[in-house]
Amino acid sequence: MTTRNCEEVWAKCLKIIQDNLAKVAFNTWFAPIVPVDLKGSQLTIQVPSTYFYEYLEEHYLELMAMTLHRVIGPDANLEYRIVVSNDQNAGRTVTVAMPSNHVPKSMPNVSTLPRKGADEPLNPFAIPGLKKIQIDPHLNPEYTFENYVEGECNRLARAAGFAVAGNPAGTSFNPLFIYGGSGLGKTHLANAIGLEVKKNFPDKVVLYVDANKFLTQYMQATRDNNRNDFINFYQMIDVLILDDVQYFADKQGTQEVFFQIFNYLHQHQKQLILTSDKAPVDLNGMEERLLSRFKWGLAADLQEPDFETRIRILKRKTYKDGIEIKEEILEYIASHVTNNVRELEGTLISLLAQATLNKKEITLELAKGMIDKLVKNTQREISIDYIQKVVCNYFSMSVDVLSSKTRKREIVQARQIAMYFAKNMTKCSLAMIGNAIGNKDHATVLHACKTVNNLIETDKAFKQDLDEIEKRLKM
Ligand code: ADP
Ligand code: MG
């Protein structure tokens, strides 16, 4: 179509938009837009900055979709051309395609693909020649629903996950927020949902990403001035699985960008699945507006499996691997490894490895010996060094200061706390502890333990600090 046509169409759009907006908003956000092209039902407009585009997306998406629908028709599609003129990218043109809300679902939505020749959105997973359908979902094929043993501990989360997989973004579980302690099956369940979606809807773009990976990718994108491409990539996803979102704590920039992606996806009826080691209310270091989003859907927790479930998990695993282990051995394992599915599996794997390597039968004796050793091993891990590290980390000081001569109260106290934990959690003598922590004698250690015990009794805040440190030591 001709340029005149494109301007005419845009003028019609502006009329509608003007009717629906306050004057100031219209002048600020719509007057500066330049219509540049109209091809079929695709209108391209030019906006002055990335920020401008993002603002439009966040605030006027619905209005624009409605307007284009009315003026151009149901297939209307909008493209932004961002002319960034005030930074090192001067003159660089980024073309961002925006699918209209009203594009029929059955139509292959080719226009959401990056255009050939235009600057393609950076795929942080670095798959060359990115096409929408080619995004590798990064799912672990072993982590299926079939392999996920159901129990009281996971019934709600599992059922919600299954419902989501059958109807992504079509249930009220959006986002689905799965939380629970380490090794309880969050990653497995989140993957299972992704795999099930792929089974039910092969065309849906599913992506599993660990929050840490997301963080790194975002940092890199910012460094390389690709922030916009990064966002653009994530906006193509139909089902986004973000694992271990607690890693976003205190990472403001990342929270902000994720907030933007979250809003975009949610507005476009895309499914979000988040996992975390804590419930939304207990997540520290998160922006309130992000937390409030997390509470929009369903938060479902995973708890420690009960004995029956532990047995069934072990059986499932042995069955899958084609091995037979006597019931009493499984029961022994299940009754000694109680609060973590990962450790439960780990124990079974070590047992199998031992039996195979030593060409021994898997007997109850072997299992007992091994579990004893495993338990001892985890005890041995708490060393004086480790205690010093955790304590200093907690008080944000370097380990070196513990051995300095200073009489500063905080440092003296941190040293006393380290001594106290060393006395209670290791088998070391008082002399050894004193020697390792600040080169003191056994009387100093004894005095430290007394002081700490007194404070625990009398100072509530102090006790809280200690409880938290103890928790970290045992993690
Ligand atoms: P998290 O992400 O919560 O730390 P994972 O999902 O990594 O835990 O689970 C740890 C291990 O335990 C994985 O190998 C997983 O397959 C297994 N697992 C956890 N829950 C179950 C379950 N209900 N049924 C079978 N295997 C499970
Ligand atoms: Mg995990």
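1. A residue counts as buried when its relative accessible area is under 20%. L176 has 0% relative accessibility, so L176 is buried. Note that this is a predicted model.

2. Where does L176 sit? L176 is found in strand β5, which spans residues 176-179.

3. L176 and A299 are 123 residues apart in the chain, yet their C-alpha atoms are 6.2 Å apart in space.

4. Now the chain as a whole. The chain has 18 helices and nine strands. Of its 475 residues, 46% are buried. Among contacts with a separation of 6 or more, 70% join residues 24 or more positions apart. The accessible surface is about 24500 Å², and carbon and sulfur atoms hold 51% of that surface.

5. One helix pair deserves a look. Two packed helices are described by the angle and the distance between their axes. For helix α6 (residues 211-223) and helix α7 (residues 227-234), the axes come within 8 Å. Their crossing angle is roughly 145°. The crossing of α6 past α7 is right-handed.

6. Which residues of α6 and α7 meet? From α6 come F214, Q217, Y218 and A221. From α7 come R227, F230 and Y234. The residues of this contact divide into five nonpolar, one polar and one charged.

Terms used: Residues are numbered from 1 along each chain as its sequence is written. Chains are lettered from A and ligands numbered from 1 in the order in which they are written. This is a predicted model: local features need pLDDT of at least 70, side-chain atom pairs count only at pLDDT 80 or more; totals for chains, interfaces and linings use all residues. Side-chain values use heavy atoms; hydrogens and water are left out. Helices (H or I, at least four residues) and strands (E, at least two) are DSSP runs, numbered from the N terminus. Buried means under 20% relative accessible area, exposed over 50%, partly exposed in between (1.4 Å probe, protein chains only). Contact means heavy atoms within 4.5 Å. Accessible areas come from the Shrake-Rupley method with a 1.4 Å probe; for residues, only the protein chains shown count as cover. Axes are lines fitted to C-alpha atoms, for helices over the stretch in contact, and angles run from 0 to 180 degrees between N-to-C directions. A crossing is left-handed if the near helix is turned anticlockwise from the far one by less than a right angle, and right-handed if clockwise. Ala, Val, Leu, Ile, Met, Phe, Trp, Tyr, Cys and Pro count as nonpolar, Asp, Glu, Lys and Arg as charged, and the others, Gly among them, as polar.
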